Amino acid sequence: MALLRQEVDPGEAGLDVKALDRLDQHVAHYVDEGRLPGFLVAVSRGGRVAHLTAHGHRDLAAGLPVEADTLWRIYSMTKPVTSVAALLLVEEGRLSLDDPVARHLPAFADPQVYVGGFGADLRTRPADGPILVRHLMTHTAGLTFAFYHNHPVDALYREAGLESAVVPGSTLAETVDVYARLPLQYEPGTEWNYSVATNVLGRVVEVVSGQPLDTFFAERIFGPLGMTDAGFCVAPEQRHRLAELYGDAEGGGIEPIPGLPLHGRPRFLSGSGGMVASAHDVHRFAELLRRRGELDGTRLLAPRTVDLMTSNQLPGGADLRSFGSRPAHDGPGNDGVGFGLGVSVVIDPERTEAPAGLGTYGWSGVATTTFWVDPVHDLTVQFMTQVRPKGSHALYPELKRLVHEAVLD
């Protein structure tokens, strides 16, 4: 186990102590009001942790506090890790961004696109072109989620048992085969729609590498980066460090809800949202990206590969507002924000809902966890808690505003 620790005084890193205190106090109000159980926030400048606060509880009923070694379900923050895994295979020449997915997963050989109708009257046509690996990484493959409830294809996902993106009791391979039998919402590459695409990408990684996804992650990413607690399950000796998961209670406040089944290796290895990690692990991964593929003498990816991952890949430089069908359920606002290979990217800071430097990238998880890297201000930031709200959380833009206000130079 490795702990995230403060490494430098905020003033030495060009950060305003009073502004960081305001950040802590603002989020602490959420805890005091019973809207969050507790939280951890870390702000780094130039790779050095300049602000680290743990507040409140990881388990309210047990009275256990949030600590630096607390383990968090990071859900969709798994997606950038899966993208890095795929890019490792791209650099080795075993995979190409322009490979048809069907080259590796034959079930996707004949994609059908929604035309009209609903239920038994739903009509489709053959897609004009194949789904490419880059479509999976940019959420432009035409796939969707069952929980959206606003398109006839979403309903088909629910009928197929995909309410939680997985057929209960199935493996990643079995679930991805179910995705392949369902029609696409739109022609691949023509629209952005946050979806199950990264689960498909995870299966591509398994097939191309010949390894289960958890083994590939452990050997090729977690081990080399020293992400000592990251994985798809927690060992018996780690269980007391795992934060309880909460959801919005009917009468206000929060209450415990079921989370990912992390006690024992899961049958379904979700490249979209299956990981647990500590703040130290998240920091190490974010720093790998900030340093363009290298960390402490270990290089995983070439600088240009990370530059590609963290730059907007939507056609014509479009943002999510103009190219997307709906906002991400656990991501940023859509104005002025594009999408790279597994991360959102700020392409017009003047139009974003919160202050951010040009090129700021990162992603969030449905349990109100988030990380971002701001290359303009040389910031790496993470926020960890464990609440799955019923709607999008107002906290994300507030966090970015408060961190931005702390930057002195």
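**Figure 1. Contacts of Ser272 in the predicted model.** Leaving aside neighbours within four places in sequence, Ser272 is in contact with Tyr75, Ser76, Thr78, Lys79, Val196, Thr198 and Asn199. The structure shown here and in the following views is a predicted model. Ser272 lies in the loop that runs between strand S8 (254-256) and strand S9 (276-278). Its relative accessibility is 5%, and Ser272 therefore counts as buried, the limit being under 20%.

Figure 2. Helix H2 covers residues 78-91, a run of 14 residues. From its first C-alpha to its last, H2 reaches 20 Å, close to the 20 Å expected at 1.5 Å a residue. The helix is mostly covered, with 12 of its 14 residues buried. After H2 comes Gly93, which has a positive phi near 80°.

**Figure 3. The loop around Glu67.** Glu67 is placed in the loop between strand S3 (64-65) and strand S4 (71-73). Its relative accessibility is 36%, so Glu67 counts as partly exposed. When residues up to four places away in sequence are not counted, Glu67 touches Leu40, Ala54 and Arg58. A further distance that may be traced in this view is the one from Glu67 to His57: the two residues are 10 apart along the chain, and their C-alpha atoms are separated by 8.5 Å.

**Figure 4. His149 and its backbone angle.** His149 is found in the loop between helix H3 (133-138) and helix H4. The phi of His149 is near 60°, a positive value in a residue other than glycine. In general, most residues other than glycine have a negative phi. With a relative accessibility of 55%, His149 counts as exposed, because the limit for that class is over 50%.

**Figure 5. Helix H4 and its packing partners.** Helix H4 (residues 152-159) is mostly covered, and six of its eight residues are buried. The buried set consists of Pro152, Val153, Asp154, Ala155, Leu156 and Tyr157. These buried residues pack against two elements, strand S5 (112-116) and helix H5 (172-181). H4 is followed by Gly161, whose phi is positive and near 85°.

**Figure 6. Helix H8, a run of buried residues.** Helix H8 comprises residues 279-290 and has 12 residues. The span from its first C-alpha to its last is 16 Å, close to the 16 Å expected at 1.5 Å a residue. H8 is mostly covered: 12 of its 12 residues are buried. The buried residues are Ala279, His280, Asp281, Val282, His283, Arg284, Phe285, Ala286, Glu287, Leu288, Leu289 and Arg290. The charged side chains of Asp281, Arg284, Glu287 and Arg290 thus belong to residues that are buried by the criterion of under 20% relative accessible area. An α-helix has 3.6 residues a turn, so residues three or four places apart point the same way.

**Figure 7. Arg292, after helix H8.** Arg292 follows H8 and is found in the loop between H8 and strand S10 (294-295). Although Arg292 is not a glycine, its phi is positive, about 60°. The relative accessible area of Arg292 is 37%, and the residue is therefore partly exposed. By contrast, Arg290 in H8 is buried.

**Figure 8. The chain as the setting of the close-up views.** The secondary structure of the chain comes to 11 helices and 17 strands. A compact globule of 409 residues would have a radius of gyration near 22 Å, and the chain, with 20 Å, agrees with this. Taken along the principal axes, the C-alpha atoms fill a box of roughly 60 × 45 × 40 Å. Of the 409 residues, 60% count as buried. Among contacts between residues at least 6 apart in sequence, 67% join residues at least 24 apart. The accessible surface comes to about 15500 Å², of which 50% belongs to carbon and sulfur atoms. The chain has 35 positive and 50 negative side chains, and the centres of these two sets lie 3 Å apart.

Notes: Residues numbered from 1 in each chain as written. Predicted model: local features only at pLDDT ≥ 70, side-chain atom pairs only at ≥ 80, totals over all residues. Heavy atoms only, no water. Helix = DSSP H or I, 4+ residues; strand = E, 2+ residues; numbered from the N terminus. Rg over C-alpha atoms; globule rule 2.2 N^0.38 Å. Buried < 20%, exposed > 50% of the residue type's maximum accessible area, 1.4 Å probe, protein only. Contact = heavy atoms within 4.5 Å. Areas by Shrake-Rupley, 256 points an atom, 1.4 Å probe, with all protein chains shown as cover. Lys, Arg positive; Asp, Glu negative; His and termini not counted. Charge placed at Lys NZ, Arg CZ, Asp CG, Glu CD. Expected span 1.5 Å × (residues − 1).
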